[in-house]
Structure formats: structure tokens, C-alpha cells
Amino acid sequence: MTFHSSVLLLVSKFLKTIMTLLLVFFSLDSASSHPVNGHNSSRVGASFRDCLKCPELVVIPKGSFNMGSDSRESATNIEPGLVTVDISILAASNIAPAHSVNIAKPIAVGKYSVTYGEWDVCVADGGCGGYRPKASSWGRGRMPVAHVTWQDAKNYTDWLSKKTGRHYRLLSEAEWEYAARAGTTSAYYWGDKIGKDNANCCGDRWNETKLAPVGSFAPNQFGLHDMLGHVWQWIEDCWHDGYVGAPTDGSAWIEDGQCSKRIIRGGSYQSPPYIVRVDDHNSNDSQARSYSVSFRVVRDMP
């Protein structure tokens, strides 16, 4: 072997070693941005899972916001020519009075609605009462799980809590609105106009005809996907007609409520723009199973 060939061989081995080290470095860096064990993932904005097949969570910061309103834009202005009855007075009564809410600690919120794939893991592990909801018309996998009652959703959070040793639950209505607003004060977290392709609803590329895999639309400023449109989301709170006497600490409002009805938030892929609003206050029979109602989880932080 000539001197020249020996030098080229050494250089080649050196470059291969450097490339291997770089690949290892970037692999570790990528893995650390979405750690599987999230017990110590308390940094605001961090994304993590508590187990390999647990829902991905995003840590959102503590803070305060104004919930509800004493007035609301007319639905006839939001959808000119489509809405002939002015429902703004009724809508305003459901979300009055405006009040300040304080979320005292960071919380970890599901980045997406719970999917069929995640639900099926629960059933395979002996949880969720063994209930396997029928598939949507568009499949299972990454589609948001549907045909689940409020109690079904609670069964899933109970299983997650037992599996991980962490406290999982449904969001309170105040937590949900705080998480959905992500620091904004507009009708939608992207602005005051519904626009196009901001959410799965209202004439987007699916044309209000079907669900989409979770995460098909851009997230809000907290990094949460599909908080508006797509599927309704079960909430912990019992139904109250308005916010007179509502908690101001972000906790779920159960006392003196109609608990046969539970709050649902966010609207669905078939909802009109005046429903797919961050402040819309709605409910559903807690025992109902619907193709358009799902849920996402929240995990308390230490």
C-alpha cells in the first residue's frame, strides 16, 4: 500500500467516525425533545409522553384570562346570508357574565384529541371497560376516537392514571378555554374571521364531509392541535346556563349543575362558524355516544 493510499484510508475512517458521532448526537437530541418518560418534563412548551403509547402532552403555562362575555357579535354578521335568525342575544346569555379566571399552575394538555389507536391500547391492556367503539367511516388509527360517552372518557383517564402513576383527567371548561385561547382574545385562536383551512370545519379542504387524522391543521400558540372544529371535546363540568357563580380558579364547576348533561367544547367538522368559537358554551347528554364527540386529556404537573 502506498503512502498516498494509507493517508486516504485514514481520512476515510476519520470521516466515517465523525459522521457516526453526528448521527448519534442528533438522534439523542431528537429523542430528548419528545421524551417517553415525562415525569421530569416540567418546562413550559415541552412535549412528552408518560409511556410509549400514551397520548403526547404539551406543558402550558400558568396564567389568567377573561372568560365569557356580556355581549357577542351577531351570528348574522359572522355568516351573512346563511343565518337568518339573530342568535347573538341567546349566545351572550349563555356565556355571561364575563369573569377573570386564574390558572395557578402549569398543566400538561393532550396535544391532540385521543385517537382510536390510543384507545385500543387501553382496551388491549384491560382498561376502558373493554369497550371498543365502532370505527368512524374513515378508519381508526390516527382518527380521533368517537362514539364515547363522558364516562367512557373518564374510564380512559382512570386507566392512564393507574398505568403511569400520574393524575390524568378531563379538562375543566375554564382550563379548556385558557388552553384553546393560548393568550389570544379573538373569536378564534387564529383571528376574528373563520378564514380557510384553519380548522376542520366551515368549508375547509375536507368540505365539512369527514374527519381528518389528528394534527392535520396548524396548532395554536400553545402547540395544541384541533382545539376548534374537527370533533367536540368532553369536559369535566356539569351544565350551567351561564357563568353566574362560576369558579374563578380554573376548577371544574360541578355544584348545582345539571350533571346529566356535561359540557362539550370546540365544535365539530360540521359546525357553523358561530359555533366553532373559542367562547362557545355547549353541552351534551353525558350518556350519549356520537360520531362527532371525542375528548383530550390533561395531566396535573408536580
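Visitor: In β8, which residue is the bridge partner of Gln233?

Guide: This is a predicted model, so read every value as computed from it. The partner of Gln233 is Arg265, in β8. Strands β7 and β8 run antiparallel and are joined by 4 bridges.

Visitor: What is the strand order of the open sheet?

Guide: Read the order across the sheet, strand by strand. Here 4 strands are arranged as β9-β8-β7-β10, and the pairing is mixed. The edges are β9 (282–285) and β10 (293–294); each has a single partner strand, so one side of each lacks a neighbour in the sheet.

Visitor: Which helix lies across β7 and β8?

Guide: That is α5, residues 150–164. Helix α5 runs at about 100° to β7.

Visitor: How do I read the packing of α4 and α5?

Guide: Two packed helices are described by the angle between their axes and the distance between the axes. For α4 (residues 116–124) and α5, the angle is about 65° and the axes are 11 Å apart. That makes α4 roughly perpendicular to α5, since the class runs from 65 to 115 degrees. The crossing of α4 past α5 is left-handed.

Visitor: Which residues of α4 and α5 meet?

Guide: From α4, take Glu118, Trp119, Val121 and Cys122. They meet Asp152, Tyr156 and Trp159 of α5.

Visitor: How many disulfides does the structure hold, and how are the cysteines paired?

Guide: There are 3 disulfides. Number the bonded cysteines of the protein chain in sequence order, and the pairing reads 1-2, 3-4, 5-6.

Visitor: How far apart are the sulfur atoms of Cys51 and Cys54?

Guide: They are 1.8 Å apart in the disulfide. The torsion about the S-S bond is 100°, and the link of Cys51 and Cys54 is right-handed.

Visitor: Why does Cys51 count as buried?

Guide: Burial is judged from relative accessible area, and buried means under 20%. Cys51 has 15% relative accessibility, so Cys51 counts as buried. Cys54 is buried too, with a relative accessible area of 1%.

Visitor: What about Cys238 and Cys259: how far apart are their sulfur atoms?

Guide: They are 1.9 Å apart, and the two residues form a disulfide. The torsion about the S-S bond is about 95°, so this disulfide is right-handed. Now place the ends in the fold. Cys238 lies in β7 (residues 232–239) and Cys259 in β8 (residues 258–265), so the pair ties together parts that are 21 residues apart in sequence.

Visitor: Is Cys259 buried, partly exposed or exposed, and what is its relative accessible area?

Guide: Cys259 is partly exposed, with a relative accessible area of 29%. Cys238 is buried, at 1% relative accessibility.

Visitor: How many residues of α6 are buried?

Guide: For a helix, go through the residues and count. In α6 (residues 173–181), 9 of its 9 residues are buried. Among them are Trp176, Tyr178 and Arg181, as well as Glu173, Glu175 and Glu177.

Visitor: Which residue takes a positive phi just after α6?

Guide: Ala182 does, with phi at about 50°.

Technical notes
Residues are numbered from 1 along each chain as its sequence is written. This is a predicted model: local features need pLDDT of at least 70, side-chain atom pairs count only at pLDDT 80 or more; totals for chains, interfaces and linings use all residues. Side-chain values use heavy atoms; hydrogens and water are left out. A disulfide is a pair of cysteine sulfur atoms within 2.5 Å. Buried means under 20% relative accessible area, exposed over 50%, partly exposed in between (1.4 Å probe, protein chains only). Helices (H or I, at least four residues) and strands (E, at least two) are DSSP runs, numbered from the N terminus. Two strands pair if DSSP finds at least two bridges between them. Contact means heavy atoms within 4.5 Å. Axes are lines fitted to C-alpha atoms, for helices over the stretch in contact, and angles run from 0 to 180 degrees between N-to-C directions. Angles under 35 degrees count as roughly parallel, over 145 as roughly antiparallel, 65 to 115 as roughly perpendicular and the rest as oblique. A crossing is left-handed if the near helix is turned anticlockwise from the far one by less than a right angle, and right-handed if clockwise.
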